[in-house]
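I opened this entry to note what I looked up, starting with the pocket and ending with the chain as a whole.

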Amino acid sequence: MQKNTIEQLSVQSRTKLQGSVHISGSKNASLPIIAACLLAKTPSRLYNIPRLLDTTSMLEALSSLACNICIHEDHSISIDPKQCTGEALNKNVAKKLRGSFLILGPLLARYKKAQIPLPGGCNIGARPVDIHLTGLRKMGAYIEVQGGVVHASTQGKLKGAEITLDVASVTGTENLIMAASLAEGKTIIHNAAKEPEIVNLCDFINLMGGKISGAGENTIEIEGVEDLTGKTFNIIYDRLEAGTYMIAAAITQGDLKIHNIHPEHLGAVIDKLEEAGAIITINKQSLSICMPKKPKAVSISTAVYPGFPTDLQAQWLALNCIADGPACVQENIFEHRFMHAIQFQKMGANLTIEGNRVISAGNDKLIGTDIIASDIRASAGLILAGLAACGTTYISNLHHVDRGYVHLEENFCNLGATIKRKTQTLEVVSQK
Ligand code: EPU
């Protein structure tokens, strides 16, 4: 008889979170920086890579391209691209995460050919890759998409170009920066994304010998160089993991000290939490947050950095459900990023979903029930709702949690929550 296992997280109700939590390295900075190791001929050693399903899948992708990966005792990771020949990336590896598409730019720049399947990843909208492909074509790449695979090649080196992005795509900007860093001449990217993860990537490429200026600004200039040399580099801390714990403090009326952060990356969420009634004290690489009374509901509208991040929208909506008063959450980045709202409704939330806006009535008494995570950040939103609900909430589809959050259950339990992972084995009866 065939057996299937399912995993569920049970989240018990109503604990005021208290204590300290240490934030990991940034997932969304690690993925492009791992890909950028392909640009050099010599090994790089990366510190502060978070141990997540997504970073493991990205390392697996490089390993499948014959890069030698070594995990050291101090948790740093060496990536040696010497044996890499620029072979096609396997579909099964690529579909595990959207970040696998970040291999296109470096592979094409270094090996003059790349075959990368269209990526998988979170189900939050159409998520096209036209911006990546249009930019590479402007740099002289010949690109065809056949059978779900991007076939890219170039005769000689890619050529520097002036590119204006239709949308300030994060991974689109990253792919083009990596491709341009080994191109002939200067590339100028207008309407570039400004996220801190892009600045971290550019710092790494510049350390390897690249010539990039303007990272974190609207226009980025990249002067192509002949060669890049592998280096030792530190990944920044994860602003989205930090933001998730900050909102968790607010929703439970808790009191947390959050270590290993870059406070300057958290401006928009700090402002909104203070509006909701949180008291926040900022130190150099840590902050403390407490919510002394019931939070006030606050409207948000997601935007590219430095605006309110779409990756904290689900967590914020959970907060607005139980907070005092009505509010509106407007999602401007991804068209299908409200799957969690339907799960909150199952818990009793009074929400009206209208296109890209969700209006919450506020003061909801959420009741624990069976709910399903639909993407990485939705899974965090559901856990936060579970912490604020009466009774026990059972969350399934946990691989989304494991893709984006390190030691999530342990961290929450250390802060006083009761969260347990249960594995259930189901017997599958075949009916003939
Ligand atoms: N877009 C296009 N064409 C493109 C690329 C994007 O129209 O070629 C559109 C998208 O459909 C979307 C908007 O542009 O509406 C922004 O998408 P973007 O390309 O910026 O997103 P991404 O690069 O695919 C990264 C993060 C996401 C994060 C978004 C927005 C990584 C690996 N992923 O995705 O992170 O939500 O930027 O900030 O960096 C997560 O960590 O859970 C996550 C989903």
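This is a predicted model: local features need pLDDT of at least 70, side-chain atom pairs count only at pLDDT 80 or more; totals for chains, interfaces and linings use all residues.

For the space inside the largest pocket I noted about 970 Å³.

Next I checked which helices take part. H1, H5 (130-138), H6 (170-180), H8 (239-251) and H12 (376-388) each give at least two residues to the lining of the largest pocket.

I then turned to the cores. The largest nonpolar core holds 73 residues, and I find the most contacts inside it at Ile103 and Ile205. Helix H1, residues 27-36, provides the largest share of this core, with 6 residues. A separate core has 68 residues, including Val269, Ile300, Trp316 and Ala349.

I listed the neighbours of Ile205. Leaving out residues up to four places away in sequence, Ile205 touches Ala36, Leu39, Ile177, Met178, Ser181, Gly210, Ile212 and Leu228.

Last, I looked at the whole chain. I note 14 helices and 23 strands. The radius of gyration is 22 Å, close to the 22 Å from the globule rule for 432 residues, so I record the chain as being as compact as a globular protein of that length. The C-alpha atoms fill a box of roughly 65 × 60 × 45 Å along the principal axes. Of the 432 residues, 56% are buried. Among contacts with a separation of 6 or more, 74% join residues 24 or more positions apart.

Note on methods. Residues are numbered from 1 along each chain as its sequence is written. Side-chain values use heavy atoms; hydrogens and water are left out. A nonpolar core is a set of buried Ala, Val, Leu, Ile, Met, Phe, Trp, Tyr and Cys residues joined through side-chain atoms within 4.5 Å. Buried means under 20% relative accessible area, exposed over 50%, partly exposed in between (1.4 Å probe, protein chains only). Helices (H or I, at least four residues) and strands (E, at least two) are DSSP runs, numbered from the N terminus. Contact means heavy atoms within 4.5 Å. On a 1 Å grid over the protein atoms alone, a cavity is a set of points where a 1.4 Å probe fits but cannot get out, and a pocket is an open set with protein on both sides within 12 Å along at least five of seven lines; lining residues have an atom within 4 Å of a point. Grid points are joined across faces, edges and corners, and a volume is the space filled by probe spheres set on the points. The radius of gyration is taken over C-alpha atoms; the globule rule is 2.2 Å times the number of residues to the power 0.38.
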